[in-house]
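Let's take a friendly walk through this model, a few residues at a time. Have the viewer ready and follow along.

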Amino acid sequence: MKSQDIAIVGILLAIGAIVRYLSLVIPGPIVSNLVIAFYCLAIILVIPTFTEVIGIGIVAGIVCALLSHSIFPPSNLISEPIGAIVALIIYKTLMGRLSISPAISTLLGTLASGTTFVVVAMLLVAPTIVSKFETMGAFAGAVIPIVVLTAIANAVIVQILYVPASKVLARGKA
């Protein structure tokens with residue numbers, strides 16, 4: 001990855017971390033995660049290799065785990081790399097074919113990340129979940145709408161930011 005690409009990824013992850021930090025005032029077992037939006041935007045802008053996208057996902061997972069009040073923060077270390085991989089695969093499949101490929105790849109990357117987070121949490125901290133939600137179904141019923149709404153919000157945000165960000169980067173290459 002070129003140094004300019006590393007800088008882009010770093011800046012976007014830093015913005016995501018700041019937004020994540022500010023979101024900590026919202027209580028709940030799972031909250032909207034705009035770090036995903038910013039790493040998806042970074043992936044779309046620089047189109048990293050598969051290995052590089054795993055690195056981006058791991059860094060995003062660390063950020064999310066450190067800045068979290070979720071039911072099981074270490075779950076981010078698994079969910080974010082998976083979300084990043086899905087975003088890359090979907091974007092590479094759709095780029096140049098659909099004008100909304102940034103939104104679709106972000107939507108599916110966020111859904112993959114959120115679903116993975118929920119599944120890992122349910123598998124590894126089931127007693128904690130049941131003590132707070134009475135049943136796993138109640139937990140799933142509480143968090144699935146948050147995952148879906150976050151995916152939609154992230155998709156809209158990335159689609160809106162993609163056009164100006166790509167134009168700025170195109171100017172820098174001229």
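## Terms and model

Buried means under 20% relative accessible area, exposed over 50%, and partly exposed in between (1.4 Å probe, protein chains only). The model is predicted, so to speak of local features pLDDT must be at least 70, and side-chain atom pairs count only at pLDDT 80 or more, while totals for chains, interfaces and linings use all residues. Residues are numbered from 1 along each chain as its sequence is written, and side-chain values use heavy atoms, with hydrogens and water left out.

V156 is partly exposed, at 45% relative accessible area, and lies in helix 7 (residues 136–173); helices are DSSP runs of H or I, at least four residues, numbered from the N terminus.

## L12 in helix 1

L12, in helix 1 (residues 3–23), is buried, with a relative accessible area of 10%. Neighbours within four places in sequence aside, L12 contacts F38, L41, A42 and L45, a contact being heavy atoms within 4.5 Å.

## Two positive phi values

I47, not a glycine, has a positive phi of about 45 degrees. I47 sits in the loop between helix 2 (34–46) and helix 3 (50–66) and is partly exposed at 32%.

E134 has a positive phi near 70 degrees. This residue, E134, is in the loop between helix 6 (126–133) and helix 7, and is exposed at 69% relative accessibility.
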